[in-house]
Amino acid sequence: MRPPSISSSSVRVAPQQERSARRLAGFLQAAAELFSEIGFEATTMQAIADRNNSSIGALYNYFPDKQSIATTLLSRYAEELHWRLKSLMEHSETLSTVEFAGLFIDCIIDFAQERPAYLNLHGLTIRFRRDPAARKALREIIANAFRIKNPSLSSERSLLAGNVAVQIVKGMINLYLESDAKTKPLVVAEFRRVLTSYLEKVLSDQRPAGARR
């Protein structure tokens, strides 16, 4: 898996030395912990500096405000999730539709559990928009996986199906974020059924005889 990089667009000074890179990574880790624990709005720049045992001045050397920190984290998370999903799509041909849909859902949930700040920042993505080219690239990877599983799909149809699948997953994340611990597994199970049902239809439309579903 390709390691995620730190976006330099929101960082005032890109790290040139290992020590500087470690300090920057420490600030991002501290911010991620606080965003997860108390939320974006309650987190302050001072709290991030304190969590990293650094001065507020050192933090401001890298970031002008906490929004830029959130932007950098979201960019990092988006890139990491992109490569996880890309790896899944590359193996989609060997999976049944039920397996494929389940692993698609699991990939997102596992990532969200490993990166709890991702969920807390997810609701802020309207303000912190991801690069449109990156979004398009991910959807094209998904669309290509759909065409491999069902060669009869046109480019337009497979891209539409990829967009719909992404929106289904986004809906799951939104409801998952709003749910309590007891309800979260039920939300995941329901959306797994929804995605499976949708993909069963898409990936079986006019399939050539003998092709695996």
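1. Glu-80 and Arg-115 form a salt bridge, with their closest N and O atoms 2.9 Å apart. A salt bridge here means a side-chain nitrogen of Lys or Arg within 4 Å of a carboxyl oxygen of Asp or Glu. Glu-80 lies in helix α4 and Arg-115 in the loop between α5 (97–114) and α6 (116–122), so the pair ties together parts that are 35 residues apart in sequence. Glu-80 is buried, at 6% relative accessible area. Arg-115 is partly exposed, at 28%. Buried means under 20% relative accessible area, exposed over 50%, and partly exposed in between (1.4 Å probe, protein chains only).

2. A word on the source. This is a predicted model: local features need pLDDT of at least 70, side-chain atom pairs count only at pLDDT 80 or more, and totals for chains, interfaces and linings use all residues. Residues are numbered from 1 along each chain as its sequence is written, and side-chain values use heavy atoms, leaving out hydrogens and water.

3. How far can the coordinates be trusted? The average pLDDT of the protein chain is 85, and 84% of the residues score at least 70. Residues 1–9 have pLDDT below 50, with 17 contacts in the model beyond near neighbours in sequence. Residues 207–213 are also below 50, with 18 such contacts. pLDDT is the predictor's confidence in each residue, from 0 to 100. Contact means heavy atoms within 4.5 Å. Where pLDDT is low, the predicted coordinates should not be read in detail.

4. Now the overall build. The protein chain has 9 helices and 0 strands. Helices (H or I, at least four residues) and strands (E, at least two) are DSSP runs, numbered from the N terminus. Of the 213 residues, 43% count as buried. Among contacts between residues at least 6 apart in sequence, 71% join residues at least 24 apart.

5. Back to the charged pairs. The structure holds 8 salt bridges. One of them joins Glu-114 and Arg-84, at 2.6 Å from N to O. Glu-114 sits in helix α5 and Arg-84 in helix α4, 30 residues apart. Glu-114 is partly exposed at 44%, whereas Arg-84 is buried at 15%. Arg-192 and Asp-106 also meet in a salt bridge, at 2.2 Å. This pair links helix α9 (residues 184–202) to helix α5, 86 residues apart. Both partners are partly exposed: Arg-192 at 26% and Asp-106 at 28%. Salt bridges that share partners join Glu-80, Arg-84, Glu-114 and Arg-115 into one network.

6. Lys-66 is found in helix α4 (residues 66–90). Not counting residues up to four places away in sequence, Lys-66 touches Phe-35 and Phe-40, among others.

7. Look next at the nonpolar core. The largest one has 60 residues; Phe-35, Ile-69, Leu-73, Phe-104, Phe-146 and Met-172 touch the most other members. A nonpolar core is a set of buried Ala, Val, Leu, Ile, Met, Phe, Trp, Tyr and Cys residues joined through side-chain atoms within 4.5 Å. Beyond four places in sequence, the residues that Phe-104 touches include Leu-85, Ile-142 and Leu-195.

8. Asn-53 has a phi near 55°, a positive value in a residue other than glycine. Asn-53 is placed in the loop between α2 (45–51) and α3 (56–62). Asn-53 is exposed, at 73% relative accessible area.
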